[in-house]
Amino acid sequence: MKQVYIINENHPQLLLFFAGWAADETPFKQYRPKDMDYMICYDYRTLDFDYSIFDRYRQVNVVAWSMGVWMGSLILSQVPRDKVFSLAFNGTTYPIDNLEGIPVNTFQATLDGLTPATLQKFLRRMCKDSNAYKAFMEVTPRRDFDEIKEELRLILERYFDLFGDANNKSYDKEKEDEYEANIEKYNYEYNYAFIGKNDRIFPPENMEMNFCDLIDCHPVLTDNAHYDESMFRFLLQDMWEMTASEFRYHVKTINIE
């Protein structure tokens with residue numbers, strides 16, 4: 001996993017952003033959270049992570065998007081919660097799942113059929129309309145295609161290794177015990193989960209299933225697409241200039257439930 005500082009000025013707080021699959025810092029490096037250092041994580045071919053950042057900062061604020069919601073949960077479940085405030089956007093903690101993530105067959109078909117042409121179709125589906133897609137193409141990640149295809153394959157393999165394959169019906173008691181232990185070990189609840197009803201990558205109803213019955217998480221239904229620049233501007237910059245009451249009021253105004 002790559003960890004890239006966008007702002008590194010020894011602020012007492014860090015904004016830690018877990019981006020999605022195939023991402024890099026390019027679409028997100030223009031944001032400037034107030035009075036915080038700012039780090040972007042991407043490239044999930046490995047789970048290598050420098051946990052010392054949680055010791056170096058008084059407060060770590062986390063925003064996780066898409067596949068980064070799962071990757072963030074793997075990391076955050078291993079650190080104390082007392083100095084972490086976390087928000088999820090258009091992703092789930094079980095990202096390859098028929099009920100709580102991208103359906104297994106859909107994910108597998110995406111991997112099997114991934115070419116430069118189908119990648120562009122995927123990026124187009126991330127965006128709400130043609131104007132949003134054109135704007136995204138101006139800041140699209142600059143990564144090698146073979147690298148991001150390998151990333152997608154390794155995400156699938158690692159997910160099945162940790163939690164099992166929902167389409168594999170063969171029963172193995174030892175494996176079942178291992179999966180149950182991993183589910184408990186990596187269990188994590190975000191403070192807020194923003195669910196875009198116009199998301200065409202993660203089914204919105206599956207995101208609702210993942211978040212809406214949790215005790216400590218506040219799900220917020222919005223009209224956002226999977227990639228939505230206005231939401232990133234809010235999550236990675238504007239909200240950090242708000243007071244707590246202003247943030248809660250804004251959340252109420254964008255909640256379309």
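Which residue's side chain does the side chain of Ser66 join through a polar contact of 2.9 Å? Select Ser66 and His226 together: their side chains make that polar contact (a pair of N or O atoms within 3.5 Å; within protein, one must be able to donate a hydrogen and the other to accept it, and residues adjacent in sequence count only if both atoms are side-chain atoms).

Before moving on, know that you are looking at a predicted model, where local features need pLDDT of at least 70, side-chain atom pairs count only at pLDDT 80 or more, and totals for chains, interfaces and linings use all residues. Residues are numbered from 1 along each chain as its sequence is written, and side-chain values use heavy atoms, with hydrogens and water left out.

**Stop 1: around Ser66**

Ser66 sits in the loop between strand 4 (59-65) and helix 2. Helices (H or I, at least four residues) and strands (E, at least two) are DSSP runs, numbered from the N terminus. With 8% relative accessibility, Ser66 counts as buried (under 20% relative accessible area; exposed is over 50%, partly exposed in between, with a 1.4 Å probe and protein chains only). Now show its contacts (heavy atoms within 4.5 Å). Leaving out residues up to four places away in sequence, Ser66 touches Gly20, Phe89, Asn90, Gly91, Thr92, Phe202 and His226.

**Stop 2: helix 3**

Select 104-112, which is helix 3. Colour Val104, Phe107 and Leu111, which are buried. Looking down the helix axis, you will find the buried residues within an arc of 70 degrees, so they line one face of helix 3 (the arc is that of the directions from the helix axis to the C-beta atoms). An α-helix has 3.6 residues a turn, so residues three or four places apart point the same way. Helix 2 (67-76) and helix 6 are among what covers these buried residues. On the face turned away, pick out the exposed Asn105 and Asp112. Gln108 is also in helix 3, and at 29% relative accessibility it counts as partly exposed.

**Stop 3: the largest pocket**

Finally, select Trp21, Thr110, Leu119, Phe122 and Leu123, the closest to the centre of the largest pocket among its 39 lining residues.

Methods: 1 Å grid on protein atoms, 1.4 Å probe; cavity = no way out; pocket = protein on both sides within 12 Å on 5 of 7 lines; lining within 4 Å.
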